[in-house]
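The stops below go from strands and turns to charged pairs, then to a pocket and a surface patch.

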Amino acid sequence: NYAFNISGYKFIKNRMGIGIILDIARSSNEDLFLNESEVFNLGPSFRYYLANLDHGGAFVQSSIIYSRFYDRIALLDISNPVDKVLKGRGPGIALGLGYSYVFKDIVSLEIGFRLTHSWLKGETVDQIANTSTDTDFRRFSFSFSFGLGILIGK
């Protein structure tokens, strides 16, 4: 399992920044069943710091994203694995709340929470029923992040 969350912001006004976010995640579990899942989110983002502090502070952020999703479930205990695949893509939104603390005016420590909601269109391929159907679905996720940031410029 892994997840990468990368973001970059440029302050356009005191306490307000615009930027971009990129989220990539993959998980895989093999036991009696194989369960694989992949997520890709990309889009512009807006961040607003709630207080005017030199050392960071609490912030809210919102993003409009393009999202791709892939999920596969397969029965492995047979000679030819039978699987069901769901894939889709579409627009979404992400809302977050976090806190950053700046060290020595160059490195920030950030923690935060994010709720992501995507409206996806795609297809479901089911080898058991031997069908392929168009699918509209929603995907919700709630995530916690912890990381370091590097401040460039003044």
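Helices (H or I, at least four residues) and strands (E, at least two) are DSSP runs, numbered from the N terminus. This is a predicted model, in which local features need pLDDT of at least 70 and side-chain atom pairs count only at pLDDT 80 or more, while totals for chains, interfaces and linings use all residues. Residues are numbered from 1 along each chain as its sequence is written, and side-chain values use heavy atoms, with hydrogens and water left out.

**Stop 1: a loop residue**

Select R15, in the loop between β1 (2–13) and β2 (16–30). Its phi is near 75°, a positive value in a residue other than glycine. R15 counts as partly exposed because its relative accessibility is 25%.

**Stop 2: paired strands and their turns**

Two strands pair if DSSP finds at least two bridges between them. β4 and β5 run antiparallel and are joined by 20 bridges; R72 has V85 in β5 as its bridge partner. β5 and β6 are also antiparallel, with 18 bridges, and here K87 is partnered by E123 in β6.

Which residue in the turn between β5 and β6 has a positive phi? Select K104: its phi is about 50°, and the hairpin has 3 residues between its strands.

**Stop 3: charged pairs**

Show the side chains of Asp, Glu, Lys and Arg. A salt bridge is a side-chain nitrogen of Lys or Arg within 4 Å of a carboxyl oxygen of Asp or Glu. The whole structure has 8 salt bridges.

Start with D23 and R114, whose side chains meet at 2.5 Å, N to O. This pair links distant parts of the chain, since D23 is in strand β2 and R114 in strand β6, 91 residues apart. D23 counts as buried at 11% relative accessibility, and R114 counts as buried, also at 11%.

Move to R47 and E110, a salt bridge at 3.1 Å, N to O. R47 belongs to strand β3 (residues 33–49) and E110 to strand β6, so this contact ties together parts that are 63 residues apart in sequence. R47 has 7% relative accessibility and therefore counts as buried.

Next select R72 and D83, which form a salt bridge at 2.8 Å, N to O. R72 is in strand β4 (residues 56–75) and D83 in strand β5, so the parts tied together are 11 residues apart in sequence. Both residues of the pair R72 and D83 are buried.

R26 is found in strand β2 and, at 25% relative accessibility, counts as partly exposed.

**Stop 4: a pocket**

What lines the second largest pocket? Select E38, V39, F40, R68, F69, Y70, K87, G88, R89, K121, G122 and E123. A pocket is an open set of points, on a 1 Å grid over the protein atoms alone, where a 1.4 Å probe fits, with protein on both sides within 12 Å along at least five of seven lines; lining residues have an atom within 4 Å of a point. β3, β4, β5 and β6 each supply at least two residues of this lining. The pocket volume is about 160 Å³, taken as the space filled by probe spheres set on grid points joined across faces, edges and corners.

**Stop 5: a nonpolar patch**

Finally, select Y99, Y101, F103, I111, F113, L115, F140, F142, F144 and F146, which form a nonpolar patch on the surface with about 1,100 Å² of accessible area together. The elements giving two or more residues to this patch are β5 (82–103), β6 (107–126) and β7 (131–150). The largest share, 4 residues, comes from β7. A patch takes residues with over 30% relative accessible area and no salt bridge, and joins nonpolar side chains (Val, Leu, Ile, Met, Phe, Trp, Tyr) within 5 Å and like charges within 9 Å. Accessible areas come from the Shrake-Rupley method with a 1.4 Å probe, and for residues only the protein chains shown count as cover.

End on L115, in strand β6. L115 counts as partly exposed because its relative accessibility is 43%.

Definitions and conventions:
Buried < 20%, exposed > 50% of the residue type's maximum accessible area, 1.4 Å probe, protein only.
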